[in-house]
Amino acid sequence: MFPNLKRDVGFPVIGSVVLFLALFGGGLIYQTILNNGSAERLVTTMLIDAIIVIGIQIYIGNTGILSFGHIGFGAIAGYVFAVYAISPEEKLKRIPTAPFGLTDTQVSPGLAILIAVVVTLVFAVIVGIGLARSGAQSGSVAATVITLALLFVTHEVAKSWPELTGGNRGGISFAIGESLEGRALILVVLFASMLIARLYGQSRSGRLAIAAREDSLAARAMGVNPLVQQMAALLLSVVIVSVGSSLRVWQIGSILPDRFFFDYAMLTLVMLIVGGRNSVTGAVLGVAVMTGARELARRLGQDGFEVFGLGLDEAPLDWVFRENLNSVVLGLAMVGFMIWRPTGILEDWEFDQWLYRRFGRGTQTEPGRLAELDDVPAATFEASGVSVAFGGFKALTNAGMTAESGEVVGIIGPNGAGKTTFVNVITGMVEPTDGAFSIDGVDLTGSASHELSRSGLVRTFQNLRLFGALTVRENVEIAALVAKEHRTERTLRDVDSLLAEAGLWEHRDRRARELDYGNSRRLELARAAAMAPSFMLLDEPTSGMSDSESLTMIEQVRHMAATVGAGVIVIDHDLGFITGISDRIYVLDQGQVIAEGTPDEVQANARVQAAYLGSAADR
Amino acid sequence: MTELLQNLIDGLGRGSIYALLALGVAVVFGIMHLLNFAHGELITIPGYLTYWAFNQGWNWWTVVPLIIVSAVLSSLLIERVAFSRVRGASDFTLLLTSFGVHFIVAAGFLLYVSASVKPYPRPGWFADTIAVGSLNIEVFDLAVIVVTIIVLAGTTWLLQRTMFGLALRAAASDFDTARLMGVKSDSVIRGAFALSGFLAGIAGVFWIMREGQVTPTAGINPMLQGVLAALIGGLGSLRGAVLGGLVLGLAEVLLRSWLPVGIQNLTTGFVFVMIALLFIFRPGGLLSVPQVERV
């Protein structure tokens, strides 16, 4: 579950303790200085908001899907909690005819929170399935609207079902003295939320979700099923949001539909965005910053330009410092950050990971060279009779090929020959009209991208698709995580050794998006190799490279493939590169395989020369 | 039968407004992949101007042009101040920017006007009906439907028959290529926002008349209906947006008349559930534009 216990469990624990103490300590200091009831309430509110924002961070941060719906989930949890925890006497006043005999039911608050979590989870599963069906991925517009609709439905139902919710007027409230006193429970839950959020981010599921956030297609090509990880992140985040929302209701002592609606969704989102949505440290910082900014704005709005005893009374600024200034501040913070710093103050800087790099890792030495694998099970890739027609246009007719582990098979053809279509078929992007392909006789036709790579056919992309925000090492680690689960029959190579083999050791802590072109290509190769593939499918690996770079690439491809014992299928239009790297070559032209053989045989073939050089051979 | 016809006309009237809103959302989405959560502000801002104008002694004849013009100008202003600065940013950033704009506008009215409801008179003919056989057709619905047909016809002409329309459609299908072909990105984006503002202005005239009042958060409902309708129709498809609007309007009215009396006020909730089901079975919306995953 955790690739590296020290980095992924130990330091997150230390980090969470520090983060918790910083937030709570800061609140205590503020409260001590002001020493009044309103400051105390502000700090309590901040602590509860922090729980909910951290809960939301687990989903938005790790999946990149913008959700308004978490406050809708909060509303569900809040009402379920209230209806179960409030005493029958109080409910008789507001909701004497609640359905399911709920008016007379009362359980302990702890049990009520548990019920709230379970009920909300049921809704979360349903919404999660809807999100998955809508093809949710990072930045998905449709997914966001679904979550927005959820927020509105819960609000609408809360308003229009007064028999259960008390409606918009009175809501339902705890008897005086029965609402949550003291902070012990809030603090425990807050610390637990921080820790859970950090542990999830470092866990296998969290890492895979983050990979899909960075590049859904590339993640799927590495055997990640984003939908599974998104659902996991959703359910975990809903649990925390539900507990936080129950505490919020309990602490305030009552619930109204508007408490969990647009304004609160906006507040929690701004908190998350300002600090940096991709990091838990950022979420906590955002809560502190926005709580402070709003409080300041509120005071400025109330007292004019006079705050903490500093007075500038006769102000030409009266038009700014008015009541409700704090809601304008929210909107301005949102738009301002989106324009100038959309990733928030901390981007994805995580305190405990910084601590780990700084103090936890010790000195590292570059691992030694790996011996080539010679005991890997032999594998055969076979495609036969593959045809693809788009309407009347036949992009591919009866194309077939085979490849054995240990060999490099090239596919070449001029533009429009059907290379891309062929790649799309064997990477699961296009369903063939006819024909099939398989590894070791296991039919893979029609499999999804992530299933193909788990079966041993791992691809790279013509236009580089790395997980840009992740470090070089993390990119390779993602693939290794999947391989550990799904490629158990193969010899798995150590991540650091693969990095060293690829010549990326010194760059291992840099973000992938900072690499130059050649290193990016090498990283993509190392990442594919870490999947322990039976076959690596390289889609135009030299596009954008000079001739000399292409020559070095030939060595690197062959070396990496031998290191993990994989066969290579390489597609390119550069005749020099293909003949230089391949043991055997298939030549495609106008959707058909027109020649097959060793580089020498193919180059001597008259039809190939005609297709490539346009000579008069058969014209 | 009579009741059904009656409902159909009510639904079409309601749906026409949604269709205009959705079309405005779709035009902007097509051009810069921005799902505009601030679209409702193109009704809030004219709404407050309406309230102001009536206090100044204006009447509907002068207020209607005011609404349309102010909607267009607001749309252009919002583009200039906010959206032009996040062009080409990720969808996540675009969504939150528009959400933030909604909030700033709403909070601005809260700050400078007040949270309370600001009323203004509805037009005198608002509640009039015309009897056709056994049907009682509301003049308002009739006006909405007729105006919508005219506006949609005009928009179709604009998009299909003018250079601007061609540039807009080209930019919507492939922005970079359109620019290489000489389409000026600034003017086409501003044009799209102006068109979106104009459509919101027409919808706004009827929305504002029907509401009879305005609050700082008045934009939320029209925004939501417009966005949902665009999504029901299939994001990226202009025809889909219109269809989605009509479907949404009809669904609301028909559902309200079919639901048992006790739970009628849950209509909106049921509409949302139906929309959710639609997405589950047809994720791309009614007229989904095939999205080819680029490798």
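**Note on a sheet in chain A and its interface with chain B**

1. In this predicted model, four strands of chain A form an open sheet in the order β6-β5-β8-β9, with antiparallel pairing; strands here are DSSP runs (E, at least two residues) and helices are runs of H or I of at least four, numbered from the N terminus, and two strands pair if DSSP finds at least two bridges between them. Because β6 (393-404) and β9 (442-443) of chain A stand at the edges, each with a single partner strand, one side of each has no neighbour in the sheet.

2. Strand β5 (residues 380-390) of chain A pairs with β6(A) in the antiparallel sense over eight bridges, and A:Phe390 stands opposite A:Phe393 in β6(A).

3. Helix α16 (residues 419-426) of chain A packs on the sheet, touching β5, β6 and β8 (434-439) of chain A, where contact means heavy atoms within 4.5 Å. The direction of α16 makes about 115 degrees with that of β5(A), the axes being lines fitted to C-alpha atoms, for helices over the stretch in contact, and the angles running from 0 to 180 degrees between N-to-C directions.

4. Turning to the interface, 43 residues of chain B are in contact with 53 residues of chain A. The two chains bury about 4,100 Å² between them, 79% of it on carbon and sulfur atoms; buried area is the accessible area (1.4 Å probe) lost on putting two parts together, summed over both.

5. On numbering and limits, residues are numbered from 1 along each chain as its sequence is written, and chains are lettered from A in the order in which they are written. Local features need pLDDT of at least 70, whereas totals for chains and interfaces use all residues, and side-chain values use heavy atoms.

Technical notes: Predicted model: local features only at pLDDT ≥ 70, side-chain atom pairs only at ≥ 80, totals over all residues.
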